[in-house]
Amino acid sequence: MEATPALGGASQAQLILKQQERAQRVFSVQVVISWAILLAVLVFIFSGVRIQIGPIDVQTIQLDSDFINRAAPVISQGALQTLVISAASILCASVLALLTALGRLSHIAPIYALSTFYVSLIRGTPLLLQIFFFFLALPRLGIILSGTVAGVTALSLNYGAYMSEIFRAGIQSVGKGQREAALALGMTQSQMMRRIVLPQALRVVVPPTGNEFIAMLKDSSLASTTGFVRELMWLGQNLGRREFRSLEALIVIALWYWGMTIVFSALQSRLERRTARGER
Amino acid sequence: MPIIQVTGLEKHFGPLHVLKDVSLSVEPREVVCIIGRSGSGKSTLLRCINFLEQPTQGRIEVDELVVNVDQHRLTDKQRLVIRHIRLRTGMVFQEFNLFPHLNVIENLIEAPMVVKEMKREAAIPLAEKYLAKVGLTHKRDEYPARLSGGQKQRVAIARALTMQPEVMLFDEPTSALDPELIGEVLDVMKELARDGTTMLVVTHEMAFAREVADRVVYMDEGQIVEVGPPEQIFATPHDPRTRQFLERILRTAPSGD
């Protein structure tokens with residue numbers, strides 16, 4: 001710090017605060033500029049421009065813009081399907097995760113065993129296998145699921161198992177004192193859970209569940225492997241292969257996934273701020 | 001007819017013998033203060049009365065509701081009795097334990113609505129009455145995070161009172177507070193005592209015990225060593241352990257009331 005004349009304690013603190021704020025602003029601006037440069041590089045790689053400077057001769061990738069213009073609207077229809085699959089799956093997964101977490105915390109042996117068995121089985125096998133299982137194995141038992149239902153079922157079970165740990169951590173994050181206060185006021189175990197513990201656990205659980213949803217958006221593409229789910233990945237790939245324009249199709253698909261991820265990340269951080277109400 | 005009657009209470013935590021054949025009774029409108037070193041079992045005794053801690057053995061009677069604990073697991077019928085005991089005892093914790101996701105008024109009406117199935121319109125005036133009693137009407141819509149420690153504890157007292165219990169249990173209500181905030185909580189408790197609220201208070205505040213208690217209980221190593229009116233306990237303790245404890249605590253923390 002420069003030789004500041006005798007400043008009062010408060011103004012000194014304000015000065016430091018201002019400096020910190022300025023440094024923070026400069027940093028943010030630099031991040032935005034760097035992002036713009038990286039984006040420009042990415043666009044440039046696919047611009048089809050040829051650059052010759054002396055011995056350097058670079059040909060960037062040429063995309064078939066005609067195909068993109070035709071295919072993009074068709075592929076985009078898959079985005080809605082992707083959203084529907086992901087939303088349905090995250091809902092079912094959350095319910096499963098809550099039940100499993102409660103089971104993990106249960107003192108009743110068979111219930112505890114059931115939830116640990118489920119988590120172990122699901123975490124011990126690949127998601128892709130689980131999707132195939134519901135699509136291909138169940139018909140042997142006379143249960144025929146559509147590709148979409150098989151996909152949603154597998155995604156729900158898979159994410160439910162992983163998310164149960166999130167829910168368990170959320171429930172356990174609510175202190176013993178909260179439970180004791182509820183019980184001392186005469187609440188039953190289930191009243192205590194519903195009214196005091198779960199609402200507080202929810203606050204802890206929402207941000208990571210948002211993350212899981214964003215991961216789910218992308219994992220839902222695995223449902224396309226059954227060949228009967230008209231989501232983003234399936235529609236795009238099919239169209240691309242038919243016209244030998246897979247690269248263009250994949251780029252359109254990628255932009256959709258990326259765009260949706262950015263939008264939902266922003267929504268998630270807003271939700272996070274709202275649920276933090278009353279936080280210490 | 002005592003409102004609380006504890007008989008032959010035993011509590012083990014694994015190998016630790018925390019309460020040894022403790023018997024104690026509290027009469028209606030009486031204020032009883034339990035003092036003693038940390039680890040003497042005084043908080044455990046309090047927590048056994050509303051079964052936040054399950055006694056190993058003994059008999060607990062609150063307002064004619066009786067639970068006899070032996071080595072066996074509690075029966076469903078006993079659990080129901082325990083819940084009724086909890087409805088008749090209000091508990092105030094060292095760490096306040098306000099519900100952080102609810103604002104002040106919601107903290108107060110939660111249990112009346114959920115447990116007593118009281119209508120919101122009926123619960124709110126009741127809650128407001130007790131909020132006024134602890135002098136925090138202006139904090140009605142604040143969240144606990146925005147209250148000072150002393151305010152939190154006063155809200156916690158109001159929350160317990162809103163259930164209209166027969167007896168209030170205080171578990172070191174000022175031990176987690178900054179020294180300058182202790183007074184406001186003790187003032188509220190003194191006013192409750194003046195109104196004739198039956199109170200059982202575990203405390204380190206000797207000046208409070210001396211001023212407010214009808215009887216003082218001194219505990220040491222899981223046993224009740226001495227019970228008597230505060231004048232006698234503080235001036236002429238019979239037991240050498242009580243004398244030693246008081247000498248030490250009064251020397252380190254002069255009672256300035």
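**View 1. The interface between chain B and chain A.** In this predicted model, 23 residues of chain B are in contact with 22 residues of chain A. The size of an interface is often expressed as the accessible area that is lost when the parts come together. Here the area buried between chain B and chain A is about 2,000 Å², and carbon and sulfur atoms give 59% of it. On the side of chain B, Phe99(B), Pro100(B) and His101(B) lose the most area to chain A, together accounting for 27% of what that side buries.

**View 2. Salt bridges and polar contacts across the interface.** Two salt bridges are found across the interface of chain B and chain A. Arg195(A) forms a salt bridge with Glu110(B), in which the closest N and O atoms are 2.6 Å apart. Seven residue pairs in polar contact are also found across the interface of chain B and chain A, with both residues of each pair at pLDDT 80 or more. Helix H2 (76-88), strand E6 (89-92), helix H3 (104-114) and helix H5 (149-162) of chain B are the elements that give two or more residues to the side of chain B touching chain A. The residues of that side comprise 13 nonpolar, four polar and six charged.

**View 3. The largest pocket.** About 1,000 Å³ of space lies in the largest pocket. The pocket is lined by 28 residues, of which His107(A), Leu183(A), Gln189(A), Met192(A) and Arg79(B) are the closest to its centre. At least two lining residues each are supplied by helix H5 (147-172), helix H6 (176-184) and helix H7 (189-219) of chain A, and by H2 of chain B. H7(A) gives the most to the lining of the largest pocket, with six residues. By residue class, the lining of the largest pocket divides into twelve nonpolar, seven polar and nine charged residues.

**View 4. The largest cavity.** Rolling a probe the size of a water molecule over the atoms shows where empty space is left. The count comes to one cavity of 30 Å³ or more, and the largest cavity has a volume of about 30 Å³. Both chains contribute to the lining of the largest cavity: Ala181(A), Ala184(A) and Leu185(A) come from chain A, and Met91(B), Phe93(B) and Arg159(B) from chain B. The lining of the largest cavity divides into five nonpolar residues, no polar residues and one charged residue.

Note on methods
Residues are numbered from 1 along each chain as its sequence is written. Chains are lettered from A and ligands numbered from 1 in the order in which they are written. This is a predicted model: local features need pLDDT of at least 70, side-chain atom pairs count only at pLDDT 80 or more; totals for chains, interfaces and linings use all residues. Side-chain values use heavy atoms; hydrogens and water are left out. On a 1 Å grid over the protein atoms alone, a cavity is a set of points where a 1.4 Å probe fits but cannot get out, and a pocket is an open set with protein on both sides within 12 Å along at least five of seven lines; lining residues have an atom within 4 Å of a point. Grid points are joined across faces, edges and corners, and a volume is the space filled by probe spheres set on the points. Ala, Val, Leu, Ile, Met, Phe, Trp, Tyr, Cys and Pro count as nonpolar, Asp, Glu, Lys and Arg as charged, and the others, Gly among them, as polar. Contact means heavy atoms within 4.5 Å. Buried area is the accessible area (1.4 Å probe) that two parts lose on being put together, summed over both. A salt bridge is a side-chain nitrogen of Lys or Arg within 4 Å of a carboxyl oxygen of Asp or Glu. A polar contact is a pair of N or O atoms within 3.5 Å; within protein, one must be able to donate a hydrogen and the other to accept it, and residues adjacent in sequence count only if both atoms are side-chain atoms. Helices (H or I, at least four residues) and strands (E, at least two) are DSSP runs, numbered from the N terminus.
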